[in-house]
Amino acid sequence: MRGFARTGPFGPRPNPESPSPTMDKATIEAAIDAVTAVGEPYETAVRRVNGVEFPVFVNAPDNLRELYRQGLEHADADFYVYEDERYTFRDAWERAAACANALRARGVQPGDRVGIALRNYPEWVFAFMGITSMGAVAVALNAWWSAEEMVYGVEDSGLRLLFADRERLERFAPHAERLHVELVTVRCEHPGATTWADFVADASPEMPELPLHGADDATILYTSGSTAHPKGVLSVHTSVVQALLGWESGGALAQHLMPELADEPAPYPPAIILSVPLFHVTGLTVQLLSSFRSGRKVVAMYRWDPEEALRLIERERVTSFSGVPTMAWELVQSPNYDRYDLSSLASAGGGGAPMAPEQARRIDEQLGEGAAGTGWGMTETQGLATMIGGLAYIERPKSCGRPIAPLVRVKVVDDAGHELPRGETGELWIWGVMNFKAYWNRPDATAEALTEGWVHTGDVGHMDEDDYVHITDRAKDMILRGGENIGCQEVEAVLYRHPGVAECAVFGVPDPRLGETVAAVVSVRDDAPPTVEDLQAHTAEHLARFKVPEHIWLRTERLPRIASEKIFKRQLRDEAVALLAADGHTTPEGQPPEQTE
C-alpha cells in the first residue's frame, strides 16, 4: 500500500501525532519521552533489526505467535464475525494450532512458504495464524489476480502449499500439477485436492511450541511498482509486531497529553469492520493483527456494500471504520443513513488516497468532532508512517500527518539522497524498525529501495516546520487506484504483447471515487488496428481486472517524445485529463467503463 492509511485503532480519541495547533512540538516530544521511559509499558530501547539499529518497544511480543497468545487474554470474547459465523479468540487460537500441526504433518518446515488465496473467510485468518505460528512464511496472494499473475506469484515465492477457494481455483487449478503445489480447498472441493475440513481433521488444537524468533521471516505481501511484475515484500516477525505497538502507543501518548481521556470509559467494546481484503496491508496488519492485544472484534464482509456495512455497524456495535476514503464517504452519503443506529461508530477513515476536505467535513459532522482521520504508509512499512486526525486534520486536509513517534522518521531528499530543509520538495523516505527486510528474489530492487533502514517511497512532497507531511506527486511510474498500486510498466508490457500495438503509454487520471483510474494512449499499427474493446479484453486475459485501462485513446501517429526520446507521458496525461474534464466523464465503480477514442 502506498497512500493514506487509517484512523487510530482505538476509537475516537484525538490523535497525539496530530495535535491541535496549540499543542507545540516540544510538548509532544516531552510526552513521547515520558511514555517511552524506562519502566513504562511502552519503554523503548535500541536494537539491531535487519542489520540496522532502531528504537523498539522492549515489552512487545517477540513474534506473531506470542501476539496471538496475548489475544487469549480475551479468550471468550468475539474475535472474528463473518455473516452468521462467530469465532472467539480461543476458537481462532485452536483452529490456528490445528492448521500449524497439519502443516507440520505435511512436511512443511520453518522458512517454507505457504500461500493463501481466499476471500476474507475465517479460514484466511486461521491459516495465516497457523502458518506464522509454526515458523513458515505466509504468502498473501492477491485474490484479484488473473491466472497468469497467480502462477507468477506461486512460482516466484516457491510455495509448498496453497489454501484456495473456488474463485481462485478456477483460475489456478489448471497450473497446479505443473507447479507441484499441494492444494487445500476452502469452502469448495476440487479433484485431487484436500478440503480444509480433512486437512485439519486429525490435527491437535494444542499450539506447537517450535523455536520462533523475531528475526525469522514471517510474511510476503505482493505489491505493484515501477517494474513489469509485482514484488514480494518480505518482512520479519519483529517488524510486524513493532508496527502494531507503534499504533497502540498512540493511545497512551494521547492520555498523557490529555489526561481527561483516561477518565472517559468507552461506551462500547472495540469493534471494526474488515472492509478491505486481507491480502492488503491495511486489512491484514492495520485491521486484523492490531486487534489481538486490544481484544477488538473484527467484522468481515463478503464484499463491500455500504448498505450492508450500515446494517453490520448497527448489529455488531462497530466502533471504528477504515477502508478506501470513498467507503466512509458512501456511508454518510447513504439515503438510509438515518435509519440505522450508528451511535457506536466513533471513527471513520480511509486508505489508498487522500480524503477530500468535503468528505472529512461531512464525516466529522455526522459522526462527531474528531471522527475523521487519515495517514500514510506502504506495504514496505507495514502500513505505518504518519497519522492525522481531529482538529489538525480539519485544518490541514491536504496533510497525511506527522511521523508516528518514537518508531518512525520521515525525511525529504533530493536526487542525490541528501536531506532537504523544511518546506522544500523532494522524495519522501521512511525510516523505522517496521520496514521490510527485502524484496523476495530481487536483490537489485531491494538495493534501490532500502538505504541504511530508509525506504525510498517514490512519493514526492515536503514537510512543514511542525513535521506535518504533505504529498504532492509520485516519483515512480505508478497509479494509485482505490488503495491498490498499479505499475504503469506492468500494464504497458501486456499491451505491447498485442500484435496491433506499435507503442503505448499508461498513466493515471483523476477519479472522484477511487482517486485515480488507469488510462492509456496507444499508437496502433495500420495493417491491423485493434479497437478499444480488443485492447481491454487482451489486458484482462493477463492482468487483474482493476489493472485494465478504463480509458483508452487510439492513435496512428507516433507518440510525442521528450529530448531523451522517452515518451512524453506528462503531456499525454494532461491532454487526457482535459478531454475527460470536457466530457464530464466519471466511471462509477462496478459499472462497465465508458470508452473514449
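A charge sits over a ring if NZ of Lys or CZ of Arg is within 6 Å of the ring centre and within 35 degrees of the ring normal. The model is predicted: local features need pLDDT of at least 70, side-chain atom pairs count only at pLDDT 80 or more, and totals for chains, interfaces and linings use all residues. Residues are numbered from 1 along each chain as its sequence is written, and side-chain values use heavy atoms, with hydrogens and water left out.

**Exercise 1. Charges over rings**

Task: Find the ring under the charged end of K411, then the ring under that of R396.

Solution: 
- Start with K411. Its charged end sits over the ring of W454, 4.3 Å from the centre.
- Go on to R396. Its charged end sits over the ring of Y468, 4.0 Å from the centre.

**Exercise 2. Aromatic pairs**

Task: Count the aromatic pairs, then classify F54–W431 and W144–F546 as stacked, tilted or edge-to-face.

Solution: 
- Set the rule. Rings of Phe, Tyr and Trp (its six-membered ring) pair if their centres lie within 6.5 Å; planes under 30 degrees apart count as stacked, over 60 as edge-to-face and the rest as tilted.
- Count. The rule gives 19 aromatic pairs.
- Take F54 and W431. Their ring centres are 4.8 Å apart and their planes stand at 55 degrees, so the pair is tilted.
- Helices (H or I, at least four residues) and strands (E, at least two) are DSSP runs, numbered from the N terminus. F54 lies in strand β3 (residues 52–57) and W431 in strand β21 (residues 426–431), so the pair ties together parts that are 377 residues apart in sequence.
- Check burial. Buried means under 20% relative accessible area, exposed over 50%, partly exposed in between (1.4 Å probe, protein chains only). F54 is buried at 3%, and W431 is buried at 7%.
- Take W144 and F546. Their ring centres are 5.5 Å apart with planes at 70 degrees, so the pair is edge-to-face.
- W144 lies in the loop between β7 (137–140) and α5 (147–157), and F546 in the loop between α16 (532–542) and β30 (551–555), so parts 402 residues apart in sequence are tied together.
- W144 is partly exposed at 40%, whereas F546 is buried at 7%.
- Look for a cluster. Ring pairs link Y68, F79, Y80, F89 and F292.

**Exercise 3. Backbone geometry**

Task: Locate the cis peptide bond between A405 and P406, and the positive phi angles of E83 and R187.

Solution: 
- Recall the background. Most residues other than glycine have a negative phi, and most peptide bonds are trans.
- Find the cis bond. It joins A405 and P406, with omega about 5 degrees. P406 is in the loop between β19 (402–403) and β20 (409–413).
- Inspect E83. Its phi is positive, about 50 degrees, although E83 is not a glycine. E83 is in the loop between β4 (78–82) and β5 (85–88). It is partly exposed at 46%.
- Inspect R187. Its phi is positive too, about 60 degrees, and R187 is not a glycine. R187 is in the loop between β9 (182–185) and β10 (194–195). It is partly exposed at 36%.

**Exercise 4. Cores and burial**

Task: Describe the largest nonpolar core and the contacts of L103.

Solution: 
- Define the core: a set of buried Ala, Val, Leu, Ile, Met, Phe, Trp, Tyr and Cys residues joined through side-chain atoms within 4.5 Å.
- Size it. The largest core has 109 residues, and Y80, L103, F163 and L289 have the most contacts inside it.
- Find the main contributor. Helix α3 (residues 89–105) gives the largest share, 10 residues.
- List the contacts (heavy atoms within 4.5 Å). Leaving aside neighbours within four places in sequence, L103 touches V108, V114, G130, I131, M134, L161, F163 and F199.
- Note the second, separate core. It has 44 residues, including L183, V522, V524 and I552.
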